[in-house]
Every structure is written in C-alpha cells, then in structure tokens.
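Look over the sequence and the model, then read on by topic.

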Amino acid sequence: MLGGAGILLGVAAAPAQAAEVSYKTECIPPSISGLPPVQGTTKVEITAPAEAKVGDEVTITWKFTQAASKNPDVLDLDKDTVKPTGTLKAGGAQTADIAMEGPRQNPAIPKNSAMKLSDMTGKLKLTAAGDVTLTPDAYNINVSKPISTDTKCTPKETVKSSATIKVTGGGTGGTPTPTLPTGLPTLPTALPTLPTGSATPSPSGSGTDGGSDSGGSDGGGDGGQTDFTGKEVSVPYACKTPIGDKNATSPVQINAKKNGGSYDLTVQFKKSVMDSPADIPADSVKPSMEVALGGADKGTVHVEGPTNAAAIKSGDPIEVPDLTGTYKPGATGESTLSPGVLTVMALGTTTTCTPTESAVSLTLDTSEQASGASGGGSTSSGSGSAGTSGGLAETGSDSHSALKALGLVAGTVILLGGAVFTFMPGRRTR
C-alpha cells in the first residue's frame, strides 16, 4: 500500500556527530494492495556520539531525509497512522544488529505526496575499544488504517557507513570479573544407597489406545471400537472470494469417535499453510465445512471451528482450528466421509470453497438412527455454507481510490480464506 519510503537513522545525543548516507532501495508493498515493488533512493541521517567508553550505552537516531517514493495514488494516509522500524548494523570493533523504532507520528499524507516518517531511535551497549561504524540496513513501514499493513524495504546496493563512534577502554563501564570463594564445601564421603527392591512392572496388556488402532480409513463399529482415524487427503478447491475466483489445495483429515449411535467428528487441517499478510484482530475469522456423506449414507454433516481467540500478527503462521460436529447415521452399511464445501467468514464477508474432486478420508460401518442423515442434508443446524458469492456491498462511489481502499479490506479476506488452503506456488494474490 505504501509504494516505498525512506529510512531515518539518527542518534539522540547532544555531543554527537551527524552524517547522511544515500542508497538505492527496493520497497515491497503488502500483497493485498496489488502494487508492484518500488525502486527508489533513500537518504538517511545517523546521529551518534562521536566518542564513548567501553561499558557505555549510547542512543542512536535514524532520520529519514528523503523517502524512496511518494505515497502512491491509492488513498490518503491519516495523521499518526504510520510507524517505521528498522535495523542498523554496527561494525568495526564491535558487530551488532541494532533494533530501531520510531513513534506512530506523522502529519496527514495525501496521495501522490512525499512520505513523512518519524525519527527512529535505538541503543547500543559498547563492549570493545576501537572504531564502531553504523550502517543503515532493512526497514519496515507499518500503516494502521484502514487495516494494518507492512511495506518492507531493503537496500539494493552496498551501503556506506554513515557514522563512527570512537570507543576508548574507559575501565569504568566493564563488567567486573567475579572471584571464586576461597573455600569450597567438600562432597560427602558416601553416596546414599538405592532401595534394594525393584518397581513392579506394569501389565503388558494392550489397554485402550485412542484412535490409532483403526489405521486410516477402515472404520467399523465392530469389536467395540470407539475411535476411528481417517487418512489425510489432499483436496483441490475452487473458491469464490469477495474479489475473484481462486484455485487451491488443502490437506484434510476426518476423525470420528462413537457416541451411542452417533459419531463425534473432528476435521483437521494438518498444518499452517500460510503466514498472515496483515494484523488480524481476535474473534474475526470463523471457518466451517459441510462434510459429504457417501456409500450407504447420503447428505452432509455440518462442522465448524471457533473464531481466532487471539490477534494474529502480520507474518505469523495462521493456525486453522479443528472443526467439530455430530454425525447421526441415516443408513445401515458402509458409509464414507469426505471433505466438502468450506466456508470462511471474516470481517463481514464470505469466502466459499467447493471441492473439484471427491476424496474419502474415513469409512464407517454405520447403523441407521432415527432422524439420521440419509439423503436429508446437514445433520446439525449450524450456520451451513454461505450460498452467496460474498461480494462487497455497494458503497455508492465509483472512485478509483474508494475501490482500492475496499480492495485492501477484501484482499485481507481472500488471504484469511487462504489460511485454510495453499495457493498455487509462484503466483502472487493481487
């Protein structure tokens, strides 16, 4: 969303030196913006003490004097919505990555105008005498509205050091070497003896071993078995999202636990398949699925998962919760269970994914129950799958900027929907 921006590296010390460095930069806007990478020039001024002693902790300031690009023609940025962070490299007598951070303070930034980023500061504890050089490295620009997004900027050439601290031995700031006590306690001359008796071994019987003894998709209610483990299947999906159609594939497994004449189902997504493209608020994403029945039985079983309990930070893995529901058989015989239509509700919009191929995960020997599933559709009330395409509501405005802003929010929903499947590699969502 931010086509790029400069970096500010500076130092906040009174008796200090300040030096500017200029370097080529590539900034990658968030993928949900649909904007291409931006090539530009960043100019940074670093301020740091000219001299210090070993043991001192110095404050360094990074100031952006020229951004790598303007705010693109997407939307105006409100006051105090932009926050820069970055890394400053220390070299020479001492090497370190110094975390730099600026406050979320900026004037309103109109479209097609220069980016205005706050000064970043960081601290370095000096540990060695000699010249310590300071060089700008990668930085990130976070915008908090309309949703939280990050633009990542990296140098595209070798950057010259922009400031040098001359560090002297000092002798007052080092960590004193601890001295050992003059006397050490002696060990006891004899170790305690272990009891002569040995523990009684546990019985070697098989016991109850939840789930694993069914071995994949052979289900069956014979022999008193209660736990049934399905096999992991790779399911191709055709997904309708708020701003377009997507194809995707997901690894899914269906397990069951017999409960009287019914079965408690658990649908598992076996791994986190993507990182979050933006900060996602808590309690804002809810997945559900219609498990498809086959073989002797017919219909679907509604299963759903909880909303995300905690906020998910940009770049962190999106964990898909287990989806649960109850299957009441409507027929006697060998019934199959396959992953069906998947629905993801997020931020007031809907993404619906329909399997393009059937893949049986679990087979059960079922006995017909009164008011069971056979041919009757979903066996629990639940919310079911959304029958609409989940398009954005009309806003009454056809301006490019407004549509772009809506696209940013809708794009987040696509990627949240993408949390439950893997987009085809090598393609970027636009």
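Lysine 79 is exposed, with 57% relative accessible area. Exposed means over 50%, buried means under 20%, and partly exposed is in between (1.4 Å probe, protein chains only). This is a predicted model, in which local features need pLDDT of at least 70 and side-chain atom pairs count only at pLDDT 80 or more, while totals for chains, interfaces and linings use all residues. Residues are numbered from 1 along each chain as its sequence is written, and side-chain values use heavy atoms, with hydrogens and water left out.

**The chain as a whole**

- The chain has one helix and 22 strands. Both are DSSP runs, numbered from the N terminus: helices are H or I with at least four residues, strands are E with at least two.
- Of its 430 residues, 44% count as buried.
- The accessible surface is about 21200 Å², and carbon and sulfur atoms hold 52% of it. Accessible areas come from the Shrake-Rupley method with a 1.4 Å probe, and for residues only the protein chains shown count as cover.
- Among contacts with a separation of 6 or more, 74% join residues 24 or more positions apart. A contact means heavy atoms within 4.5 Å.

**Salt bridges**

- The count comes to ten salt bridges. Each is a side-chain nitrogen of Lys or Arg within 4 Å of a carboxyl oxygen of Asp or Glu.
- Side chains of opposite charge can pair when their charged atoms come close.
- Lysine 79 meets aspartate 80 in one of them, at 2.9 Å from N to O. Aspartate 80 is partly exposed, at 33% relative accessibility.
- Glutamate 101 and lysine 83 form another, with their closest N and O atoms 2.7 Å apart. Glutamate 101 lies in strand 7 and lysine 83 in strand 6, so this pair ties together parts 18 residues apart in sequence. Glutamate 101 is partly exposed, at 45%.
- Aspartate 119 bridges to lysine 63 at 3.8 Å, N to O. This pair links distant parts of the chain: aspartate 119 sits in the loop between strand 7 and strand 8, lysine 63 in strand 5, 56 residues apart.
- Aspartate 119 is partly exposed, at 33%. Lysine 63 is also partly exposed, at 34%.

**Strand 5 and strand 8**

- Strand 5 covers residues 57-66 and pairs with strand 8 in the antiparallel sense, over six bridges. Strands pair if DSSP finds at least two bridges between them.
- Glutamate 57 has lysine 125 of strand 8 as its bridge partner.
- In a regular strand the side chains alternate between the two faces of the sheet.
- Strand 8 (residues 120-125) has Met120, Gly122 and Leu124 on its covered face. Its uncovered face holds Thr121, Lys123 and Lys125.

**Nonpolar cores**

- The largest nonpolar core has 39 residues. Such a core is a set of buried Ala, Val, Leu, Ile, Met, Phe, Trp, Tyr and Cys residues joined through side-chain atoms within 4.5 Å.
- Which residues touch the most other members of this core? They are Ile60, Trp62, Leu134 and Tyr139.
- Several strands each supply at least two residues of this core, including strand 5, strand 8 and strand 9 (130-143). Strand 9 gives the most, with five residues.
- Another core, of 27 residues, lies apart from it, with Tyr237, Val252, Tyr263 and Ala373 among its members.

**Aromatic pairs**

- The structure holds five aromatic pairs. Rings of Phe, Tyr and Trp (its six-membered ring) pair if their centres lie within 6.5 Å; planes under 30 degrees apart count as stacked, over 60 as edge-to-face, and the rest as tilted.
- Tryptophan 62 and phenylalanine 64 form a tilted pair, 6.0 Å centre to centre with 50° between the planes. Tryptophan 62 is buried at 0% relative accessibility, and phenylalanine 64 is buried at 11%.
- Tyrosine 263 and tyrosine 327 have ring centres 6.0 Å apart and planes at 25°, so they are stacked. Tyrosine 263 lies in strand 15 (residues 262-269) and tyrosine 327 in strand 18 (residues 323-327), so the pair ties together parts 64 residues apart in sequence. Both tyrosine 263 and tyrosine 327 are buried.
- Trp62, Phe64 and Tyr139 form one aromatic cluster.

**A buried loop residue**

- Leucine 35 sits in the loop between strand 2 and strand 3. Leucine 35 is buried, at 16% relative accessibility.
- Leucine 35 and valine 74 are 39 residues apart in sequence, and 9.5 Å apart in space from C-alpha to C-alpha.
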